[in-house]
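Visitor: Hi! Could you walk me through this one? I'd like to start with strand pairing and then jump around a bit.

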Amino acid sequence: MPNMVLNNVRPFVDGKFGEPTKMCLVDGKWADSAPEGTPEFDAKGALALPALFGLGLDFKEPLRDDIYTFKDGVSAMRRGGFFGGLYESSANPIDDSQKLTAMQQLASKSGLEFAFLGAFSMGYQCKDLAEMMELAQGGAVGFGDGNQDASRTRFLRLAMEYGSMTGKRFFFMPLDDSLRHHGLVHEGCYSDTLGMKGIPRIAETIAAFRILEMARFLKVPVHFKQVSCGETLKLVETARAQGVDVTCDVDIYHLLLDDSCLFDLDSHCNVPMPFRSAEDREALWKGLESETVKAISVNHDPVLRQDKEVNFEDAVPGAVSLEVALGAIWKPLSGRLGAARAVELLSTAPAQLAGVEPAALRKGGQASLVLLDQDRPTKVVPAMFAGKTRNTPLLGKELPSSIVASYINGVWTEV
Amino acid sequence: MSALEIKHLFGLRGVSKHDIRLILDNAKQFREILERPVKKVPSLRGMTVVNLFFENSTRTRTSFELAEKRLSADTVNFTSSNSSVKKGETLVDTLRNIEAMKIDIVVVRHKGTGVPKFLADNSDAIIVNAGDGAHEHPTQALLDMLTIEEKLGTLEGKNVTIVGDIRHSRVARSNLWGMTTMGAHVTLCGPSTLVPRNTELMDKVTWESDVKKAVKNADAIIALRLQKERMDDALLPSMREYRNTFGITHELLECAKDKVLIMHPGPINRGVELDSEIADGENSVILNQVTNGVAVRMAVLYLLAGGRANA
């Protein structure tokens with residue numbers, strides 16, 4: 001493992017960033033000293049955060065390795081400062097133990113920490129149950145059917161009832177397909193002005209309510225991915241107060257963007273869960289403050305250029321985020337909630353949700369970290385991205401902060 | 001010649017009063033030319049216009065084609081049914097291939113919102129929107145405005161009521177932006193499943209659910225075409241009920257001014273949104289709209305091409 005001496009760096013220790021100091025990174029750990037001749041790096045006062053954990057990773061391999069590969073994803077994670085992630089692919093349902101083993105083998109070569117969600121139905125079809133017991137025994141940390149709508153309520157009941165034997169959490173992106181009805185964007189004043197088919201908030205809340213009732217009935221823990229509106233958070237709070245074990249995350253882009261971006265008709269803003277109104281965006285921030293929201297997710301979803309370089313409605317939904325997430329969100333997030341909560345939302349809580357030991361910086365301990373120059377803006381350019389995709393709504397925009405480098409499980413990556 | 005501030009015509013939202021005035025005034029001059037025995041002028045001689053229609057259209061495409069021919073432009077028609085699009089070519093590739101053939105203006109119709117802007121972002125050609133999804137159909141609104149000005153002298157202070165499927169109508173959207181910019185009072189009326197729910201950004205118009213109230217003070221009524229698919233999609237129970245509640249009938253017009261103009265973007269579903277005797281009656285200006293369509297499109301093409309030539 002390469003070693004590195006960081007000079008003039010401010011590590012996040014015991015809930016705060018210390019004064020500029022020297023960190024000796026030896027064999028993946030924060031050591032007291034480094035062997036002679038260890039390369040040195042002047043961090044110029046950059047922050048050293050515990051490396052992040054990404055919720056919602058989809059690297060497309062094996063069935064769509066023409067779009068993106070696991071290797072691309074790992075490279076993106078190192079560039080973005082992620083030590084691990086929760087993997088769930090829309091292209092490759094992990095619906096049997098062989099598929100799980102194959103993904104685990106891919107992951108094991110990466111030097112990063114991956115957790116996998118198993119599918120609860122074969123092929124995400126909501127028709128035949130996946131072998132959830134075997135998946136759980138093989139290491140699946142929870143169950144989810146990608147971003148598919150679990151609107152076949154009886155099947156949902158049976159899947160959760162059967163899956164309850166594993167004690168694992170069920171993950172859902174709550175969106176009722178019938179109410180969605182080919183909509184791609186939030187149903188609001190922007191979609192109505194543009195004449196675009198909208199997805200009403202009730203498509204989310206009705207789906208969420210159905211799942212919460214099921215969770216209450218069956219006593220199964222559930223998680224909502226990419227909650228996009230304040231009403232869903234109220235449902236979560238109410239259910240939680242009544243004893244339902246429910247957690248939720250919000251997507252990084254939903255904290256940064258709202259449906260006013262639709263007027264640009266940028267196909268990069270076509271994402272599976274639509275950007276909702278400015279009021280909803282504010283409600284999500286309040287959900288972070290009140291701790292109704294457990295974690296911030298990244299939902300890294302590569303889409304080929306030719307599938308985004310079309311008009312909005314014909315674009316394939318999805319956005320990549322690993323390379324830009326921290327630079328985009330750190331300043332607004334730490335500015336509003338404080339550095340400790342920001343680290344919790346981006347690193348500690350997502351890892352805990354996936355059952356992975358979170359990264360932490362302690363002298364003598366493992367040191368997976370990301371260096372961030374929080375006051376140096378950076379422009380989002382195609383060269384920042386691993387692989388051949390660069391489908392982010394932030395392309396061409398300026399991020400308030402810049403990632404300088406990462407040191408993850410002993411691998412140094414300069415950005 | 002005064003120049004347009006816009007370089008392309010994507011829609012009428014945000015287009016200035018100056019530009020709309022300029023287009024309408026030019027259209028009036030072209031309208032006069034269309035009354036002459038020789039209806040052709042050499043304004044666009046040497047320029048090539050491609051009519052890129054990804055949705056079926058007879059009227060609008062014919063109207064544009066006539067406008068182009070009367071301006072002496074070379075015209076090429078490109079429809080999705082007989083094109084490489086059927087073979088899987090992307091929109092950008094289609095455009096770039098056409099552009100490589102040295103065209104100057106693209107008139108585009110597409111089911112996707114914002115396709116004209118997308119094409120402008122990816123090409124050097126002048127783009128004219130001939131209808132994009134339910135977003136905008138600016139030349140239809142301009143010809144509606146021209147027709148009202150021709151009959152009533154001005155749009156300023158006039159009451160224009162648009163009845164029908166507002167939610168899915170690009171004609172209604174373009175009209176509400178254009179007409180309010182020109183000082184008209186616009187009232188929109190339709191069944192609750194066919195009007196937008198979120199109208200905060202469309203606050204310069206009046207939303208009225210009672211069609212009798214909506215037409216009461218109208219100087220012009222525009223009836224929108226009702227698509228049959230709306231019934232299949234359970235947005236309405238039947239054509240019959242629609243006709244009885246929102247159709248423009250003699251009974252309804254008893255609530256309106258005697259000389260109210262009756263307009264329709266065509267093609268008409270007779271006996272649904274508009275009764276035959278009204279469509280063919282003395283208040284109907286529907287065929288004037290068709291004639292004005294050619295004049296307005298001539299004006300748009302002429303002014304946009306002129307802007308490029310003067311740049």
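Visitor: In which sense do β1 and β3 of chain A pair, and over how many bridges?
Guide: This is a predicted model, and in it strand β1 (residues 4–13) of chain A pairs with strand β3 (residues 21–26) of chain A in the antiparallel sense, over 4 bridges. In β3(A), Thr21(A) is the bridge partner of Val9(A).

Visitor: And β2, how does that one go with β1(A)?
Guide: Strand β2 (residues 16–17) of chain A and β1(A) are antiparallel, with 2 bridges. Val13(A) has Lys16(A) in β2(A) as its bridge partner. The hairpin of β1(A) and β2(A) has 2 residues between the strands, and Asp14(A) takes a positive phi near 50° there.

Visitor: Which way do β1(A) and β5 run, parallel or antiparallel?
Guide: They run parallel, and 3 bridges join β1(A) to strand β5 (residues 40–42) of chain A. Asn7(A) stands opposite Asp42(A) in β5(A). Strand β6 (residues 47–50) of chain A also runs parallel to β1(A), joined by 2 bridges, and there Pro11(A) stands opposite Ala48(A).

Visitor: Okay, switching to helices. How does the length of α7 in chain A compare with what it should span?
Guide: It agrees: at 1.5 Å a residue, the 18 residues of helix α7 (residues 201–218) of chain A should span 26 Å, and the end C-alpha atoms are 26 Å apart.

Visitor: Which of its residues are buried?
Guide: In α7(A) they are Arg201(A), Ala203(A), Glu204(A), Ala207(A), Ala208(A), Ile211(A), Leu212(A), Met214(A) and Ala215(A). As background, an α-helix has 3.6 residues a turn, so residues three or four places apart point the same way.

Visitor: What comes just after that helix?
Guide: Lys219(A) does, with a positive phi of about 55°.

Visitor: Another lysine, then: where is Lys294(A)?
Guide: Lys294(A) is in the loop between α10 (278–290) and β16 (295–297) of chain A.

Visitor: Is that residue buried or exposed, and why?
Guide: Lys294(A) counts as buried because 23 other C-beta atoms lie within 10 Å, and the cut-off is 20 or more.

Visitor: What does it touch?
Guide: Setting aside neighbours within four places in sequence, Lys294(A) is in contact with Thr247(A), Cys248(A), Asp249(A), Ala349(A) and Leu353(A). As for Gly163(A), 131 residues away along the chain, its C-alpha atom is 23 Å from that of Lys294(A).

Visitor: Now chain B. What's the overall picture?
Guide: Chain B has 12 helices and 9 strands. Its C-alpha trace spans about 55 × 45 × 35 Å along the principal axes. A compact globule of 311 residues would have a radius of gyration near 19 Å, and chain B agrees, with 19 Å. Buried residues are 50% of its 311 residues.

Visitor: How many residues of chain B are in contact with chain A?
Guide: 21 residues of chain B are in contact with 16 residues of chain A. On the chain B side, α3 (91–100), α4 (115–121) and α6 (170–181) each supply at least two residues, and α4(B) gives the most, with 3 residues. By class, that side has 8 nonpolar, 8 polar and 5 charged residues.

Technical notes. Residues numbered from 1 in each chain as written. Chains lettered and ligands numbered in written order. Predicted model: local features only at pLDDT ≥ 70, side-chain atom pairs only at ≥ 80, totals over all residues. Expected span 1.5 Å × (residues − 1). Buried ≥ 20, exposed ≤ 12 C-beta atoms within 10 Å, placed from the backbone. Pairing = 2+ DSSP bridges. Rg over C-alpha atoms; globule rule 2.2 N^0.38 Å. Contact = placed C-beta atoms within 7 Å. Nonpolar A, V, L, I, M, F, W, Y, C, P; charged D, E, K, R; others polar.
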